[in-house]
Amino acid sequence: MTLSPPIIGFIIFAVLAGSAFAGWWARQRLPTHHLNDETKSLVSVSMAVVGTITALVLGLLISNANTSFIARNGEVTMLSADILRLDQMLRLYGPEANPARGKLLQFAERKANDLFPESLKDVHVDNESTYEVLKQVEYLMLELRPPDPRRQWFLQQALLHAAKIGNTHWLLGQVAGQGTPKAFVALVVFWLSLLFVSFGLFAPRNLVSALTLVFCAIAVAGAVEMVLELEQPFAGVLHISPLPMHKMVYGLNELNSPI
């Protein structure tokens, strides 16, 4: 069973907070000579190295995840624009293209529902049956016989936009599910656990220290969760806006209403 990013974030928070309080607990039971200034200096320097590596890796992961999220958002916007442009080319071609336009509307509605269903659990980025509808649009366009250069140009442009729509459909399907390997996430959490153990080991035993460690664990766990959320642009809590696809479907319905 695949765990959702919020659940993984909560698990990471529990691990980090537990690590901090494990270090706090160990401090009460270690002999005094194990916690002298020299030991504290060594632990601080060692954890500074681990902290630097962890900060660099987390920053890189967030940057990559954000770049991927923005790319998927751009692809969805481009998909909606290409569908609108394809419908425009078919509309300019003439009434002979109305069957293809009607099928294109069906594809647009199904694609919008695949990417942005009412329940995020129903997201289906690479729905084969939806792609079959797009293929029917292409078949209907190939049956057209333009009688003059003007309509021939409109048909050529329509075929180009249909190809771009198909490419975007497959691109979204290919990148779906790709993300940071879970083993690497576990390694980062291990580094963070070492840091929090060192925090708790030398933290004073009072309420302010406990709250500081808890809120720090929440912040760091939230950063890791953010990476995982951005890697699920259609199914996560932070998901791509459905507005471009919904506006496109609404526009096609308005344009096709007289058909």
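**Core and helices**

Modeller: In this predicted model, the largest nonpolar core has 62 residues, and those with the most contacts inside it are I83, L86, L90, L115, M141, F234 and M245.

Biologist: Which helices supply at least two residues of this core?

Modeller: Each of α1 (5–29), α2 (37–93), α3 (98–115), α4 (128–142), α5 (149–175), α6, α7 and α8 (243–256) supplies at least two, and the largest share, 14 residues, comes from α2.

Biologist: And what is I83 in contact with, leaving aside its neighbours within four places in sequence?

Modeller: With that exclusion, I83 is in contact with L104, F107, A108, I165, M248 and L252.

Biologist: Staying with α2, what span should its 57 residues have, and how far apart are its end C-alpha atoms?

Modeller: At 1.5 Å a residue, the 57 residues of α2 should span 84 Å, and the end C-alpha atoms of the helix are 82 Å apart, which agrees. Just after α2, G94 takes a positive phi of about 135°.

Biologist: Is L56 buried or exposed?

Modeller: L56, which lies in helix α2, is exposed, because its relative accessible area is 60% and the cut-off for exposed is over 50%. L56 and F196 are 140 residues apart in sequence, and their C-alpha atoms are 17 Å apart in space.

Biologist: Switching to α6 and α7, at what angle do their axes cross?

Modeller: The axes of α6 (residues 182–201) and α7 (residues 207–230) cross at roughly 170° and come within 12 Å, so the two helices are roughly antiparallel to each other. From α6 the contact is made by V185, L192, F196, F199 and G200, and from α7 by L213, C216, A217, V220, V224 and L228.

Biologist: What is that contact like by class?

Modeller: The contact of α6 with α7 has 10 nonpolar residues, one polar and no charged ones.

Biologist: Last topic, then: which residues of α1 are buried, and what do they pack against?

Modeller: In α1 the buried residues are P5, I8, G9, I12, L16, A17, S19, A20, G23 and W24, and the buried residues of this helix pack against α6 and α7. As for its length, the 25 residues of α1 should span 36 Å at 1.5 Å a residue, and its end C-alpha atoms are 36 Å apart, which agrees.

Note on methods. Residues numbered from 1 in each chain as written. Predicted model: local features only at pLDDT ≥ 70, side-chain atom pairs only at ≥ 80, totals over all residues. Heavy atoms only, no water. Axes fitted to C-alpha atoms, helices over the stretch in contact; angles between N-to-C directions. Helix = DSSP H or I, 4+ residues; strand = E, 2+ residues; numbered from the N terminus. Parallel < 35°, antiparallel > 145°, perpendicular 65-115°, else oblique. Contact = heavy atoms within 4.5 Å. Nonpolar A, V, L, I, M, F, W, Y, C, P; charged D, E, K, R; others polar. Core = buried A, V, L, I, M, F, W, Y, C linked by side-chain atoms within 4.5 Å. Buried < 20%, exposed > 50% of the residue type's maximum accessible area, 1.4 Å probe, protein only. Expected span 1.5 Å × (residues − 1).
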